[in-house]
Structure formats: C-alpha cells, structure tokens
Amino acid sequence: IKASLGQPVHGVPLHDLTPLLRLADIAGPTTAAELFARLQEDLVTAQTGLTAAAATRDLHGLRNHSHVVIALAGTVGADGLHRDAVRLNSLANDPGPNPDAAFAHATSLAAALSGLIREVRRAAQTLPTPTLPTTQAAAP
C-alpha cells in the first residue's frame, strides 16, 4: 500500500515516533510535556514558513525552513519527511534552470507536515500527567 505524503493508510500513522517517545521517557513527564509543546510549535512554524516561502518564491526561506524540518523530522523518527526535507534543501540550494520544482516540493512537504503534527498531538495526549512534588512534614 502506497500513500501520498502525510496521509495515513487505513488510519495507520506513517511515522514511527519511537525515538520521540524514548526521549519523552528519558525526560520525564514535566519535561516531556514541554518537549511535545515546543515540537508542535516548531513544526507548525516550519510548515507556515514553507508555505509562505513557496508562495513568495523565496529560495532562502525554503532553505531555512527545510533545515528545521530536517532536524525535527530526524529527531522524532519521521524518516520519510526527513528525506523529503533533505531533497527540498538540495533543490533550494541548487534550483537549476527551473526553481518551480523547489516551490512545488515545498508545498507538498508543508502539506505532509500536517500528518506529523497530528501524530505528535495524539502522542502528547498519551503522556503521563506531570505530578507536583509532595512535601513531607518535618519530623518532630
């Protein structure tokens, strides 16, 4: 079964978020919640930036935002998006005589990021709730 970028096949996520979940376990509940919140924010910012850069035909913007996606996708285990971001970065660095390929690839990558953002949000909902430290009464 082959899916288009960012689209789950029969409801099955396209990304193996095991590396991200391992980071969450290591970080602990409080830090993991912050990690997931920042990750979501950074993914949305990169998605918005790619969309804007493609719309304004800004190769520099494509390079900048593709670097962010390369780092984030690689960290969380979204290997397909990582490869797509590397490809976009190559196209933005050397668009050749037809820069339209870079802009089209950026639009596809931005759309594909929606799936990862949804998956990260779902995974964040499964995190253990951080507990406040309990204070122990001083011994008499």
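This is a predicted model: local features need pLDDT of at least 70, side-chain atom pairs count only at pLDDT 80 or more; totals for chains, interfaces and linings use all residues.
1. Some ground rules to start: residues are numbered from 1 along each chain as its sequence is written. Local features need pLDDT of at least 70, side-chain atom pairs count only at pLDDT 80 or more, totals for chains, interfaces and linings use all residues, and side-chain values use heavy atoms, leaving out hydrogens and water.

2. Start with helix α3 (residues 59-76) and helix α4 (residues 79-93), whose axes lie 8 Å apart at an angle of about 160 degrees. That makes α3 roughly antiparallel to α4 (angles over 145 degrees count as such). Axes here are lines fitted to C-alpha atoms, for helices over the stretch in contact, and angles run from 0 to 180 degrees between N-to-C directions.

3. α3 passes α4 in a left-handed crossing, meaning the near helix is turned anticlockwise from the far one by less than a right angle.

4. Which residues of α3 meet α4? Among them are Leu 62, Val 69 and Ile 70, while the α4 side includes Leu 81, Val 86 and Leu 88. Contact means heavy atoms within 4.5 Å.

5. Now follow α4 to helix α5 (residues 100-125): their axes come within 10 Å and cross at roughly 155 degrees. The two are therefore roughly antiparallel to each other. α4 passes α5 in a left-handed crossing.

6. On the α4 side, Asp 84, Arg 87 and Leu 91 are among the residues in contact, and α5 contributes residues including His 105, Leu 109 and Leu 116. The contact of α4 with α5 has 12 nonpolar, 1 polar and 2 charged residues.

Conventions:
Helices (H or I, at least four residues) and strands (E, at least two) are DSSP runs, numbered from the N terminus. Angles under 35 degrees count as roughly parallel, over 145 as roughly antiparallel, 65 to 115 as roughly perpendicular and the rest as oblique. Ala, Val, Leu, Ile, Met, Phe, Trp, Tyr, Cys and Pro count as nonpolar, Asp, Glu, Lys and Arg as charged, and the others, Gly among them, as polar.
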